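I set out to record what I looked up in this model. The entries follow the order in which I worked.

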Amino acid sequence: MNSPRIALLGTHPPRQCGIASFTDDLARALVQARPEAEVLVVGMNDGQAYPYPARVRLTIDQDDLAAYGAAADALNELGVDVLCVQHEFGIFGGPAGSYLLTTLRRVRAPVVTTLHTVLERFTPEQREVIEELAFLSEKVLVMSERAVRFLVAQGVPRRKVGFVHHGIPDLRADRDTGKARLGLSGRSLILTFGLLSPNKGIETALRALPAVTRDVPDVTYLVLGATHPHVRARHGEAYRERLTRLAADLGVADHVRFDDGFVEPDVIARALAAADVCLFPYRNREQITSGTLAYAFGNGKAVVSTPFWHAEELLAEGRGVLVPFRDPDALGAALRDLLRDPGRLAAMGVRARAHGERMRWANVARAYLDVFGAARRGGPVPSCSLRLPALALDHVAALTDGTGMLQHATVAVANPFEGYTTDDNARALQLAVLAGDDPHAPAIARRTLSFLHHALDPSTRRFRNFLAYDRRWLDEDGGDNAQARAVRALVAAAYGLKGALGRTAQEMLGRSWAALEHLTWPRAQAIALVALSERAGHVTPEPAWVALAERYAGDLLRLHDEAATPGWPWFEPHLSYSNAKLPHGLIAYGRVFGRRGALATGLDTLRWLEDQQSAPDGAFLPVGSERAYHAGEARPLWDGQPIEVYATVAAASEAHRATGDAAWLASARRALEWLVGRNALGTPLHDAETGGCRDGLRRDHANANQGAESTLALWLSVAEYGRASRLAVARRGT
């Protein structure tokens, strides 16, 4: 990159935490390594504002979801070349810090993420966040080989993961001079530094100290650093006071010195220069990165530590001493032996410094710049359109018997044990209307019309939905969605089929129209609006139809007004199934009935949904059906369903019809191409051999079964897109 503009996102001084120090150090090192680079920072706030330096151009309050999207927009406006995220779950809002993903989905620059916490087993919420974080990042950087293994074992692709050491400054100073500056001339110095909190294990160090002082009476244990701000906010200085009392009770108060205050780099430098041994008695094994350990080790200090993950890796092969967790006796013996053996102490420091050369910030900054350059080169590139399949109903016909279309398949063979549904037979009828030239279309239309005739209960004038293979109805009422889909299909058939089949559909539509009334489910109301709008395009609507359309549109608009927020302008607090159907209903209603407000809301929400359904390379990315996707959560990436493609193609085609904007036609094609291979696995769901469509895209393969819903979604999408394309050609011709 020539004169790159690099954005770092994380905490930053004067906020006090290890990641803030890392962000500051990395920014300085990048500028030193590439003086022509512009490095700016997006600072994460924890509920309070900080007097940041000029480098911090943007800020995000960690619990303000809307601020994450606004930050992405600002970064896009600034034209940054790469965004480097300093990730720790706790500095971002939402479940397991999921609010961050809102920024990463929306920013146009390639993303490189540095993980400061990697666990051997993430919690389910953490794993969902890490999975999408890796998906949205060109590269995920970690600071230990163990972290690489942990991520790969939990499903992060190896090609995505890079290893770059934690950076450290190059500190060289005379030990005796350093001790004199601390007022500790002639004494042996053990140093622990960094923000103070209970997980640092200082109690164990204090309990080990009596054994050390017996043999090394001139020893001082310096605990350098302020209490962690979050600990202080909850408990004040109770932990520090407890440590002070413990030192007194153990009779080592004269050998312990607590220096309060945030540890600035120059203070660290002076203390490290003076230290004989650096001590890290942490209580928990699950720490993949320690900046303080890296600082001490890389600058040639003899280190004694408990075997947390980063320490195990850095201190291997005699580069330090590891002692068991919470074992004062072992810790005391290790410290005593080192302090009484100057030769061993010096040799250990030499080995540590030699290993630490690669950790100098100058080397780390160059490694980061190499990753940034590769990320920039590997970012989204324009791609040629994939060839779409020609409409063919062979597999639809193969799933249809003398009763109707069976709902499930075992691979490509109909599975009779699962029976039939009105939902699928209604969709099949609609497809037969759109595919009138296909040789299978007349027979499919006849069979599905017969199925809907049987599904309509004359006593309730509503459709049943689930029919067993032995032709027993398994429900008394099919629910709102089945009513809306059945009437929607009959509208299409009544005005799209010719001759006797068309007259049959019109007669059935007259008898079933009442099924469209009294719907309460939002998606059913949206489908009803599509049906009402389509029928109004053929015949003058009766006042009752208009009133019904106004009621359903009003319900959807109220739903939107009540649920929408600046960061989540949607009808519900989640995305789940057939999402684009909601804006589709309002767009169709607004276009046909001349309701501009409804049309505008439909178009706005469909645009927002399009952003939510986009991969970093611009490809379509349906919300996976593993779970509902709630505002601010990690997005479900897998088990995407073809029905989402059809809902999107149909809605975008309606938007194109309403506006004439060719961008909507491009959106429809983008969604359709997901089915033919433009997806995360590069795997077509369309089976060219059978004419079927596989049932979904899982983490590592496509679901092999080619059932009714998926196959109908494929061919309805092809048919709807074809019709919209022909309309676009006709418009250009006029």
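**Cores.** I began with the largest nonpolar core, which has 109 residues, and I noted Leu-429, Leu-452 and Phe-463 as those with the most contacts inside it. I took a nonpolar core as a set of buried Ala, Val, Leu, Ile, Met, Phe, Trp, Tyr and Cys residues joined through side-chain atoms within 4.5 Å. Buried means under 20% relative accessible area, exposed over 50%, and partly exposed in between, with a 1.4 Å probe and protein chains only. Helix H27 (residues 708–733) gives the most to this core, with 11 residues. I then listed the contacts (heavy atoms within 4.5 Å) of Leu-452: leaving out residues up to four places away in sequence, Leu-452 touches Thr-422, Ala-426, Leu-429, Phe-463, Ala-486, Leu-490 and Met-508.

**Basis.** The model is predicted, with local features needing pLDDT of at least 70 and side-chain atom pairs counting only at pLDDT 80 or more, while totals for chains, interfaces and linings use all residues. Residues are numbered from 1 along each chain as its sequence is written, and side-chain values use heavy atoms, with hydrogens and water left out.

**Aromatic pairs.** My search of the whole structure returned 19 aromatic pairs. Rings of Phe, Tyr and Trp (its six-membered ring) pair if their centres lie within 6.5 Å; planes under 30 degrees apart count as stacked, over 60 as edge-to-face and the rest as tilted. The rings of Tyr-420 and Tyr-469 are stacked, because their centres are 6.2 Å apart and their planes at 15 degrees. Tyr-420 lies in strand E16 (residues 420–421) and Tyr-469 in the loop between strand E19 (466–467) and helix H19 (480–496), so this pair ties together parts 49 residues apart in sequence. Helices (H or I, at least four residues) and strands (E, at least two) are DSSP runs, numbered from the N terminus. Tyr-420 is buried at 1% relative accessible area, whereas Tyr-469 is partly exposed at 47%.

I next examined Trp-513 and Trp-545, whose ring centres are 5.3 Å apart with planes at 45 degrees, so the pair is tilted. Both Trp-513 and Trp-545 are buried. The charged end of Arg-535 sits over the ring of Trp-513, 4.4 Å from its centre; the criterion is NZ of Lys or CZ of Arg within 6 Å of the ring centre and within 35 degrees of the ring normal.

**Parallel sheet.** I traced an open sheet of six strands in the order E10-E9-E8-E11-E12-E13, with parallel pairing. Strands pair if DSSP finds at least two bridges between them. The edge strands, E10 (256–259) and E13 (321–322), each pair on one side only. Strand E8 (residues 188–193) and strand E9 (residues 219–224) pair over six bridges, and Leu-189 stands opposite Thr-220 in E9.

**Backbone.** I found a cis peptide bond from Pro-13 to Pro-14, with omega near 20 degrees; Pro-14 is in the loop between E1 and helix H1 (18–33). Glu-317, a residue other than glycine, has a positive phi near 60 degrees. Glu-317 is in the loop between helix H12 (309–314) and E13, and is exposed at 70% relative accessibility.
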